[in-house]
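Please look through the sequence and the model below before reading on. The report that follows moves from one residue to the next, and then to the chain as a whole.

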Amino acid sequence: MCLNQHRRVAALAAFAALVLAVPALSGQTPAQPAPQNSAPAPVPAQPSTDAPAINQEPAQAFTVQPKPAEILQPTPTTPEEVGDAMMSHQRYQAAIEAYKQGPRNSADIWNKMGIAYQLMYNQEEASHCYQTSLRLDPKDPRVMNNLGTIYDSEKEFSNAERMYRKALKFDPKSALIYKNLGTNLMSQHKYKKGWEVYKTALQLDPNIFKSNDSPRIQNPASVEERGAMNYYMAKGCLRAGMNDCAIEYLRMALNEGFTNPKKIEADSEFAGLRDIPAFQQLLAEQKQQ
């Protein structure tokens with residue numbers, strides 16, 4: 001398998017949507033659509049761990065104010081506006097070509113170009129764009145987050161953690177960055193620390209785990225690691241009010257042998273599920289095995 005194919009598989013496989021992200025990327029681009037010319041991804045029967053999310057903001061809308069015909073003047077369209085329009089239509093290569101015509105000293109344009117490359121699974125060019133953006137504006141937490149997701153997808157977990165923590169110094173109220181950092185820590189088998197970070201993300205935004213627009217990266221290799229991540233993801237779903245999601249993650253954690261019905265019943269954080277028939281049935285099935 002060539003390197004680009006490996007990266008594409010890694011980006012699409014199931015994992016937890018920590019801060020590119022759409023690991024949710026940061027920028028002036030729309031919410032993450034599916035990659036261009038690819039078939040829609042099937043909805044899995046069981047939830048997968050979110051990837052780090054790319055921090056993005058909505059693309060600028062082009063609105064036209066009615067004016068008298070005699071004073072109506074043509075308004076030039078900037079390369080950045082053209083690029084934003086192309087991004088909104090998932091025409092990533094066209095967006096990149098438009099952004100390249102914009103000012104070369106614009107940190108925001110370099111960030112947007114990085115997002116476009118990342119959505120095309122060109123990690124090398126995306127990383128170059130993010131690093132260029134940071135050289136122009138070293139204090140932008142959105143770009144730090146986005147670069148962190150590149151490191152995560154390349155399994156450079158220490159570098160990714162460093163970028164997320166640096167981003168939080170400039171934006172300490174970002175639930176998205178905390179989510180990405182939590183996922184990163186779990187990928188390093190720091191499950192309890194990751195869960196503590198997840199709790200902070202949920203305190204800042206109770207709906208942070210409800211976003212399903214993030215690209216996926218590869219799950220931990222071992223069954224035990226996957227089971228641990230699923231167990232803590234169940235807690236994250238529960239805190240977000242997603243009971244069905246929590247039960248499905250618990251099912252996977254049980255099937256992977258990380259936990260057992262007795263341990264789940266003793267965990268006070270799952271007390272809110274005890275009266276739910278699906279939860280009762282799950283534990284009953286496991287006890288019979």
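Leucine 204 is partly exposed, because its relative accessible area is 34%, where buried means under 20% relative accessible area, exposed means over 50%, and partly exposed lies in between, computed with a 1.4 Å probe and protein chains only. This is a predicted model, in which local features need pLDDT of at least 70, side-chain atom pairs count only at pLDDT 80 or more, and totals for chains, interfaces and linings use all residues. Residues are numbered from 1 along each chain as its sequence is written, and side-chain values use heavy atoms, with hydrogens and water left out.

Leucine 204 belongs to helix α9, which covers residues 191-204; helices (H or I, at least four residues) and strands (E, at least two) are DSSP runs, numbered from the N terminus. Once its neighbours within four places in sequence are set aside, leucine 204 is in contact with Pro172, Lys173, Ser174, Ala175 and Tyr178, contact meaning heavy atoms within 4.5 Å. Leucine 204 and lysine 173 are 31 residues apart along the chain, and their C-alpha atoms are separated by 6.8 Å.

## The chain as a whole

The protein chain has 13 helices and zero strands, and buried residues make up 51% of its 289 residues. Its accessible surface comes to about 14200 Å², of which 52% belongs to carbon and sulfur atoms; such areas come from the Shrake-Rupley method with a 1.4 Å probe, and for residues only the protein chains shown count as cover.

Glycine 83 lies in helix α2 (residues 79-88) and counts as buried, because its relative accessibility is 0%. Not counting residues up to four places away in sequence, glycine 83 touches Ala95, Ala98 and Tyr99. Glycine 83 and alanine 95 are twelve residues apart in sequence, and 4.1 Å apart in space from C-alpha to C-alpha.

Serine 133 is placed in helix α5 (residues 123-136), and with a relative accessible area of 1% this serine is buried. Its contacts, leaving aside neighbours within four places in sequence, are Ala107, Trp110, Asn111 and Val143. Between serine 133 and tryptophan 110 there are 5.2 Å from C-alpha to C-alpha, although the two are 23 residues apart in sequence. Glutamate 161, in helix α7 (residues 157-170), is also buried, at 13% relative accessibility. Not counting residues up to four places away in sequence, glutamate 161 touches Leu181, Asn184, Leu185, Gln188 and Lys190.

## Two loop residues with positive phi

Glutamine 90 has a positive phi of about 65° although it is not a glycine, and its place is in the loop between α2 and α3 (92-100). At 28% relative accessibility, glutamine 90 counts as partly exposed.

Tyrosine 121 is found in the loop between α4 (107-119) and α5, and its phi is near 65°, a positive value in a residue other than glycine. Is tyrosine 121 buried or exposed? With a relative accessible area of 10%, tyrosine 121 is buried.

## The disulfide

A disulfide is a covalent bond between the sulfur atoms of two cysteines. The structure holds one disulfide, a term used here for a pair of cysteine sulfur atoms within 2.5 Å. Cysteine 237 and cysteine 245 form this disulfide, and their sulfur atoms are 2.2 Å apart. Cysteine 237 is buried, with a relative accessible area of 2%, and cysteine 245, at 15% relative accessibility, counts as buried too.

## Two helices packed together

Helix α11 (residues 243-255) and helix α13 (residues 277-288) pack at an angle of about 10°, and their axes are 10 Å apart. That angle makes α11 roughly parallel to α13, because angles under 35 degrees count as roughly parallel, over 145 as roughly antiparallel, 65 to 115 as roughly perpendicular, and the rest as oblique. Axes are lines fitted to C-alpha atoms, for helices over the stretch in contact, and angles run from 0 to 180 degrees between N-to-C directions.

Which residues meet where α11 and α13 are in contact? From α11 come Ile247, Leu250, Arg251, Leu254 and Asn255, and they meet Ala278, Phe279, Leu282, Glu285 and Gln286 in α13. By class, this contact has six nonpolar, two polar and two charged residues; Ala, Val, Leu, Ile, Met, Phe, Trp, Tyr, Cys and Pro count as nonpolar, Asp, Glu, Lys and Arg as charged, and the others, Gly among them, as polar.
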